[in-house]
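The structure comes first, the details after.

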Amino acid sequence: MRQRRAEEERQAAQTEFLNRSLRGSRKLQALQEPQPQPAAQDKRAGVVNDGYSSAEDADLEPELPVDDPTSVVHRVISYGELVASIQRLQLQLKKTGNSTISGGGYSALEGQVAAVQTLLLSPAFGRALAVHNKVQEVSSQLHTQPDSQPVSSHAQGLLRDCLDVIQPCALPEATELAELLTRYDIEGLLLAHDTLASHDIAVVSPTLSEVERNIPEEPPHLPVITPSHTPVHTIPAHIPNTFSEEHIKIIKIEKTHEPLGATVRNEGDAVMIGRVVRGGAAEKTGLLHQGDEVLEVNGVSMRGKSVNEVCDILGSMNGTLTFFVVPAQKTILPPPLPRENLMHVRAHFDYDPEDDLFIPCRELGVSFQKGDVLHIISQEDPNWWQAYREGEEDQTLAGLIPSKSFQHQREAYKQASIATTDPKEKTKKASTLLCAKKNAKKKKKKGYGSSYVDGNYPLYSTSTPDDYDSEEILTYEEVALYYPRDNHKRPVVLIGPPNIGRHELRQRLMEDSERFAAAIPHTSRARKDNEVDGQDYHFISRQQFEADILARKFVEHGEYERAYYGTSLDAIRSVVAAGKICVLNLHPQSLRILRNSDLKPYVVLVAPPALEKLRQKKLRNGEAFKEEELKETIEKAREMEEKYGHMLDLVIINSDTERAFSQLLSEINSLEREPQWVPTAWVKQQ
């Protein structure tokens, strides 16, 4: 009972307050005065009753006169309130019935209310009402602040300036902001803002009939912000109806004579963006992403076209390209790869994109030759890496090269196809690669060995063949920059066929004893009286020699007259520790052990010139020769380069000994001053 009495007292006080406020309201007094009627008023026009203010009563603003225009407040009515009002009106009419409607006019009134309800429930009216309410809200703010003006009438230009600043930035936040600012609805909003800000347009509240007449069946197509700022395009009618305007993005990219920097792929009839290449216009603008579907470019429909057709069409277009695209469901932008984390590789095969049927875009392909260093900047695609060639890092657009796994896969398939179609070809190739080994056994006096024993007989490697597989598929080798060190001179290794001048080049280098030195060989024979251990040879027992062979301590070794001879890794390290360059003449099979050590050898292939030039050189030097021997020398050099080319740092064509020596010495001088690309494992050993 106490609660009920308190509630009754509260309601009575509230009623008394409302009665006093209503009787003293200046707006109520204004309504009681006769209102002038317009001469010819459109009966369909709506009338705004200023007496029904929002919760703000005129008594709260006593300083404003009754006729002050700022006291006129148009209430912003939400869409839900209008619908609820119509529903309450229908319910009230049903309760009242026809008895209170004179002349039986309930049916006519019911039809009118139903028509109004149908209008209110349409989405088009909801959008129009939202615009009307926003205009009313802004209009009331302008009334209260008559001196306020727009900050700028060039909002579109400011947006473009903003894009120019944030688009080069690689931060995810900047990319997200750029995507938001390039939406065509944002451009439409800014276009409307600039139009209102640059003209003195009176804001007039449309009547209900005007709103009804001007509601379009479909929302208008808004303009799009693009880097080129060209005129606005609307979505063509031929684009499938399955794509609504909310799903289609209109973008424009300036394309010069360089490729656009994106590849496409087919998914049924759809043309999809396959990849975006680093440094291209597509990547710089941030407007195209992997997985976007391209519907149209410059009025040319892309659906149903093959990849080659699309590439030909885009290749023939220059200037401003207008794309209609359906954005990917989820765009994930990879973080930029720091330059110090780029992968550098040396290619072990020749590649020409013009001869590659599998490359997504030949214009984006990077051609290279065996031995070239490539800088890999993206490995996101498992089949196609993005890379620069050494010396071309300053170019803006990266290129495509086959990935290591993809190249390995198709080389393996090629070898399997050759073996299946022509087994004799594989046998012939294997025997060709092994012919040097067979010849070494047959003609010991013309081998490749370098360690000399008593009587200047060459030493031939009889070590266990290395684990090099002649059928190994070579693609890329990861490399890193190695900076020269004074306390570690890289050994220089000369390889090549016999009688090509390697011994002469080595002897010329050894004349500078302050700079170059030879590794002192080991032997198991007995020491002679005039020999000094550690100066002429390292004399060790046969048992120790065999134990060192098993421990792989020798770069190469052989047996002559029941005594072992060989060059050890420790002997080479002694020369390096003395601050000199160790010069070696080795069999190519010895390179594997040397490269797997900590010595970082610099390998030079001394190769013969063409047959005619080789013949002229022999005649000029007065050397006796046979035509078959010259051909055999050229063939052996070719086999060496084919089999061991991935271990070579330099190839010197010895058509003239003086010129060849000058080239070799120049390379060695550079070796001590300039950084070189070496296997990554060598740098990690430092």
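## Ground rules

Buried means under 20% relative accessible area, exposed means over 50%, and partly exposed lies in between (1.4 Å probe, protein chains only). This is a predicted model: local features need pLDDT of at least 70, side-chain atom pairs count only at pLDDT 80 or more, and totals for chains, interfaces and linings use all residues. Residues are numbered from 1 along each chain as its sequence is written, and side-chain values use heavy atoms, with hydrogens and water left out.

Helices (H or I, at least four residues) and strands (E, at least two) are DSSP runs, numbered from the N terminus.

## Salt bridges

A salt bridge here is a side-chain nitrogen of Lys or Arg within 4 Å of a carboxyl oxygen of Asp or Glu. The whole structure holds 22 of them.

Asp 381 and Arg 275 make one, with the closest N and O atoms 2.2 Å apart. The pair links distant parts of the chain. Asp 381 sits in the loop between strand E8 (373-378) and E9, while Arg 275 belongs to strand E3 (residues 270-276), 106 residues apart. Asp 381 and Arg 275 are both buried.

Glu 293 bridges to Arg 303, and their closest N and O atoms are 2.3 Å apart. Glu 293 is in strand E4 (residues 293-297) and Arg 303 is in the loop between strand E5 (300-301) and helix H11 (307-315), so the pair ties together parts 10 residues apart in sequence. Glu 293 is buried at 9% relative accessible area. Arg 303 is partly exposed at 32%.

Arg 265 pairs with Glu 267 at 2.8 Å between the closest N and O atoms. Arg 265 is partly exposed, with a relative accessible area of 31%. Glu 267 is also partly exposed, at 41%. Elsewhere, a network of salt bridges links Lys 489, Arg 515 and Glu 672.

## Aromatic contacts

Rings of Phe, Tyr and Trp (its six-membered ring) pair if their centres lie within 6.5 Å; planes under 30 degrees apart count as stacked, over 60 as edge-to-face and the rest as tilted. The structure has 11 aromatic pairs. In one of them, the ring centres of Trp 384 and Phe 406 are 5.3 Å apart with planes at 50°, so the pair is tilted. Trp 384 lies in strand E9 (residues 384-389) and Phe 406 in helix H12 (residues 404-421), so the contact ties together parts 22 residues apart in sequence. Trp 384 is buried at 5% relative accessibility. Phe 406 is buried at 15%.

Phe 349, Tyr 351, Phe 368, Trp 385 and Tyr 476 make up one aromatic cluster. A charge sits over a ring if NZ of Lys or CZ of Arg is within 6 Å of the ring centre and within 35 degrees of the ring normal. Arg 508 does this: its charged end sits over the ring of Phe 661, 4.2 Å from the centre.

## Nonpolar core

A nonpolar core is a set of buried Ala, Val, Leu, Ile, Met, Phe, Trp, Tyr and Cys residues joined through side-chain atoms within 4.5 Å. The largest one has 25 residues. Phe 368, Leu 374, Ile 376, Ile 401 and Tyr 476 have the most contacts inside it. Strand E7 (343-347), E8, E9 and strand E10 (399-402) are the elements that give two or more residues to this core. E9 supplies the largest share, four residues.

## Strand pairing

Two strands pair if DSSP finds at least two bridges between them. Which strands flank E19, and in what sense do they run? Strand E12 (residues 492-495) is joined to E19 by four bridges, in parallel. Strand E20 (residues 650-653) also pairs with E19 in the parallel sense, over four bridges. Val 604 is the partner of Leu 494 and stands opposite Leu 650 in E20.

Six of the six residues of strand E19 (residues 602-607) are buried, so this strand is largely enclosed by the rest of the structure. In a regular strand the side chains alternate between the two faces of the sheet. In E19, Tyr 602, Val 604 and Val 606 point one way, and Val 603, Leu 605 and Ala 607 the other.

An open sheet of four strands has the order E15-E14-E17-E16, with mixed pairing. Strand E15 (538-539) and strand E16 (554-560) are at the edges, each with a single partner strand, so one side of each lacks a neighbour in the sheet.

## Cysteines

A disulfide is a pair of cysteine sulfur atoms within 2.5 Å. The structure holds zero disulfides. Cys 162 is partly exposed at 30% relative accessible area, and Cys 582 is buried at 0%.
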